[in-house]
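This report examines the packing, the helices, the charged pairs and the backbone of one protein model. The sequence and the coordinates are shown first, and the discussion follows.

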Amino acid sequence: MPVPPEDKLQTNLMLELEGLVEKEVDRHLEMAKEWFPHQYVPWGQGRDFDGPLAGEEWTPDQTSLGQAARESLIVNLLTEDNLPGYHNAIATVFGREGAWGFWVNRWTAEENRHGIVIRDYLTVTRAVDPIALERARMKHMQEGYAADHGDSFLHGAAYVAFQELATRVAHRNTGKVSGDPICEQMLTRVAADENLHMIFYRNLMGGALEVAPNEAMRAITDVVKNFQMPGHSIDGFLRKSVIIANAGIYDLRLHHDDVLRPVLRKLGVFELEGLSGDGEKARDELGEFLDQLDEAATKFETRREERRARQAAKQG
């Protein structure tokens with residue numbers, strides 16, 4: 001049976017980029033800082049819960065976090081909880097051998113720390129209902145995870161280049177609005193990992209643009225136009241995302257200005273030479289989409305400010 005052109009391209013690409021991956025793995029290991037989740041959790045605030053230990057039942061008045069910070073922390077944690085699905089997806093695309101396989105496992109190990117520290121913080125500080133959180137975890141993980149781009153190497157690499165930066169922004173801003181210095185310190189540490197992950201994937205896409213510019217540009221455009229956060233299947237995600245956006249933790253403006261534009265600018269996609277055919281078409285589509293997204297972000301900001309003004313007037 002002949003090898004499909006897409007599979008042949010993918011195999012050749014990965015062979016071409018293996019040297020770059022080895023280099024990026026070395027760079028990552030030099031820049032990454034070892035840290036320990038237990039050191040970011042205020043264990044002294046902890047006490048037993050109801051159940052087998054006959055402790056104190058959780059009640060809403062036990063948390064000092066505002067609704068937006070709580071909802072964002074829940075979304076962030078449930079997203080991290082789906083790590084087994086993400087590991088399977090990335091291992092399927094990148095493989096388990098050589099530098100590719102090493103990166104898959106290293107990335108998974110680092111991401112696992114994020115779920116550990118956030119869950120411990122939420123539990124110890126009684127920031128959210130632990131029973132509701134566990135039920136949400138069970139439901140979300142039972143849904144499973146399948147990448148929107150299937151097993152396409154270029155689409156997968158493009159997606160995580162943007163997604164890791166989006167996650168970094170969401171973590172940092174959640175910490176800022178939490179009003180809790182401990183929470184902000186924890187999420188700043190988590191966000192630092194996400195930033196290094198983004199650099200790895202962004203540089204990988206930079207290499208892909210050099211080796212297969214037209215195909216890489218198409219993948220970037222497809223991903224940007226259809227981008228969804230990995231936790232979009234969380235129960236109640238739309239309602240939670242609206243609360244998160246209204247609080248300025250993650251919204252269209254941040255997505256456009258702080259996620260898409262920086263990655264695309266660093267990759268130099270609009271200055272890239274040598275595109276032809278579908279590559280040129282994809283870049284044109286990308287430019288048009290970004291303009292539309294910018295307009296949508298401005299409209300959202302305007303409506304949000306109008307709502308805030310009305311609420312302030314009522315309270316005044």
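E71 is buried, with a relative accessible area of 9%; here buried means under 20% relative accessible area, exposed means over 50%, and partly exposed lies in between (1.4 Å probe, protein chains only). The model is predicted, so that local features need pLDDT of at least 70 and side-chain atom pairs count only at pLDDT 80 or more, while totals for chains, interfaces and linings use all residues. Residues are numbered from 1 along each chain as its sequence is written, and side-chain values use heavy atoms, with hydrogens and water left out.

**Surroundings of E71**

E71 belongs to helix α2 (residues 67–81); helices (H or I, at least four residues) and strands (E, at least two) are DSSP runs, numbered from the N terminus. Its side chain makes a polar contact with the side chain of K240 at 2.7 Å. A polar contact is a pair of N or O atoms within 3.5 Å; within protein, one must be able to donate a hydrogen and the other to accept it, and residues adjacent in sequence count only if both atoms are side-chain atoms. Not counting residues up to four places away in sequence, E71 touches R239, K240, I243 and I244, where contact means heavy atoms within 4.5 Å.

**Nonpolar core**

The largest nonpolar core has 86 residues, and F94, L122, F153, F162, Y201, M205 and I220 touch the most other members. Helix α7 (residues 181–211) supplies the largest share of this core, 13 residues. Such a core is a set of buried Ala, Val, Leu, Ile, Met, Phe, Trp, Tyr and Cys residues joined through side-chain atoms within 4.5 Å. With neighbours within four places in sequence left aside, F94 is in contact with M14, W100, W103, V104, F153, Y201 and L204.

L260 is found in helix α10 (residues 252–267). This residue is buried, with a relative accessible area of 0%. Apart from its neighbours within four places in sequence, L260 is in contact with F162, V224, H255, L290 and L293. The C-alpha atoms of L260 and D180 are separated by 29 Å, and the two residues are 80 apart along the chain.

Helix α11 (residues 278–315) has 38 residues and should span 56 Å at 1.5 Å a residue; the end C-alpha atoms are 54 Å apart, which agrees. The expected span is 1.5 Å times one less than the number of residues in the helix. The buried residues of α11 include G279, L286, F289, L290, L293 and F300, together with the charged residues R283, E285 and R304. Against which helices do the buried residues of α11 pack? They pack against α8 (213–225), α9 (237–246) and α10.

**Salt bridges**

The structure holds 19 salt bridges, each being a side-chain nitrogen of Lys or Arg within 4 Å of a carboxyl oxygen of Asp or Glu. Three of these pairs are listed below.

| Pair | N to O distance |
|---|---|
| E24 and R27 | 2.8 Å |
| R47 and E56 | 2.7 Å |
| R253 and D257 | 3.1 Å |

E24 and R27 are 3 residues apart in helix α1 (residues 5–31), and therefore about one helical turn separates them. An α-helix has 3.6 residues a turn, so residues three or four places apart point the same way. Both E24 and R27 are buried. In the second pair, R47 is partly exposed at a relative accessible area of 40%, and E56 is also partly exposed, at 37%.

R253 and D257 lie 4 residues apart in helix α10, about one turn of the helix. R253 counts as buried at 13% relative accessibility, whereas D257 is partly exposed, with a relative accessible area of 34%. Elsewhere, salt bridges that share partners join R218, D222, K225, D278 and E285 into one network.

**Positive phi angles**

A54 is not a glycine, yet it has a positive phi of about 55 degrees. A54 is located in the loop between α1 and α2 and counts as exposed at 68% relative accessibility. R126, also a residue other than glycine, has a positive phi near 55 degrees. The loop between α4 (98–124) and α5 (130–143) contains R126. Is R126 buried or exposed? R126 is buried, with a relative accessible area of 1%.
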